[in-house]
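Let's take a walk through this fold, one end to the other and then into its pocket. Have a look at the model first, and we'll begin with a single side chain.

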Amino acid sequence: MKDLLRIADLTPGDLEHVLQLADDCERHPHDHEAKLAGETVVCYFAKPSTRTRLSFAAAITRLGGTPQIVGSS
C-alpha cells in the first residue's frame with residue numbers, strides 16, 4: 001500500500017493486515033525501528049491539534065522516518 005488517505009479506502013483484508021501489524025508493533029517495538037528508514041512521511045491535518053501532530057511525528061521518528069506536517073496550524 002503506497003498511500004492511505006482514508007480508512008474507508010481499505011479492503012477488509014487490508015484493514016485486518018494493518019491491525020495485525022499494529023499489534024505486532026506494540027508487542028515488539030524494537031523489531032520495527034527501521035521500517036521507515038530513509039522515508040519521508042507527509043501528514044496533512046485539516047484541524048489544528050498539537051497533541052495529534054506531536055504523536056504522529058514521534059511515531060514516524062521512532063520508526064526511522066522523517067515526518068513532514070502540513071495543514072492548519
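Start with R6, which is exposed, with a relative accessible area of 52%. For the terms here, buried means under 20% relative accessible area, exposed over 50%, and partly exposed in between, with a 1.4 Å probe and protein chains only. Before going on, a word on ground rules: this is a predicted model, so local features need pLDDT of at least 70 and side-chain atom pairs count only at pLDDT 80 or more, while totals for chains, interfaces and linings use all residues. Residues are numbered from 1 along each chain as its sequence is written, and side-chain values use heavy atoms, with hydrogens and water left out.

Back to R6, then. Its side chain meets that of D9 in a salt bridge (2.7 Å, N to O), where a salt bridge is a side-chain nitrogen of Lys or Arg within 4 Å of a carboxyl oxygen of Asp or Glu. D9 is partly exposed, at a relative accessible area of 42%. Side chains of opposite charge can pair when their charged atoms come close.

How many salt bridges does this rule give? The count comes to two. The other pairing to look at joins the side chains of D23 and R27, at 2.9 Å from N to O. D23 and R27 both sit in helix α1, four residues apart, which is about one turn of the helix. Here D23 is partly exposed, with a relative accessible area of 34%, whereas R27 is exposed at 61%.

Now zoom out to the whole chain. The secondary structure amounts to two helices and two strands, taken as DSSP runs (helices are H or I, at least four residues; strands are E, at least two) and numbered from the N terminus. Reading along the sequence, you get the pattern α-β-α-β. The C-alpha trace spans about 35 × 30 × 20 Å along its principal axes, and of the 73 residues, 11% count as buried.

As for what sits across from them, the C-alpha atoms of H32 and R62 are separated by 8.5 Å, though 30 residues apart along the chain. For P29 and T66, 37 residues apart along the chain, the C-alpha separation is 18 Å.

Further along, G65 lies in the loop between α2 and β2 (66-71). Is G65 buried or exposed? G65 counts as buried, at 8% relative accessibility.

The elements α1 (12-27), β1 (40-45) and α2 (50-62) each supply at least two lining residues, and β1 gives the largest share, six residues. By type, the lining divides into 20 nonpolar, four polar and six charged residues.

L4 lies in the segment before α1 and is partly exposed, with a relative accessible area of 43%. Together with I7, L15 and L19, L4 forms a nonpolar patch on the surface, with about 370 Å² of accessible area in total. Such patches are made of residues with over 30% relative accessible area and no salt bridge, with nonpolar side chains (Val, Leu, Ile, Met, Phe, Trp, Tyr) joined within 5 Å.

Methods: Ala, Val, Leu, Ile, Met, Phe, Trp, Tyr, Cys and Pro count as nonpolar, Asp, Glu, Lys and Arg as charged, and the others, Gly among them, as polar. Patches are made of residues with over 30% relative accessible area and no salt bridge: like charges are joined within 9 Å, nonpolar side chains (Val, Leu, Ile, Met, Phe, Trp, Tyr) within 5 Å. Accessible areas come from the Shrake-Rupley method with a 1.4 Å probe; for residues, only the protein chains shown count as cover.
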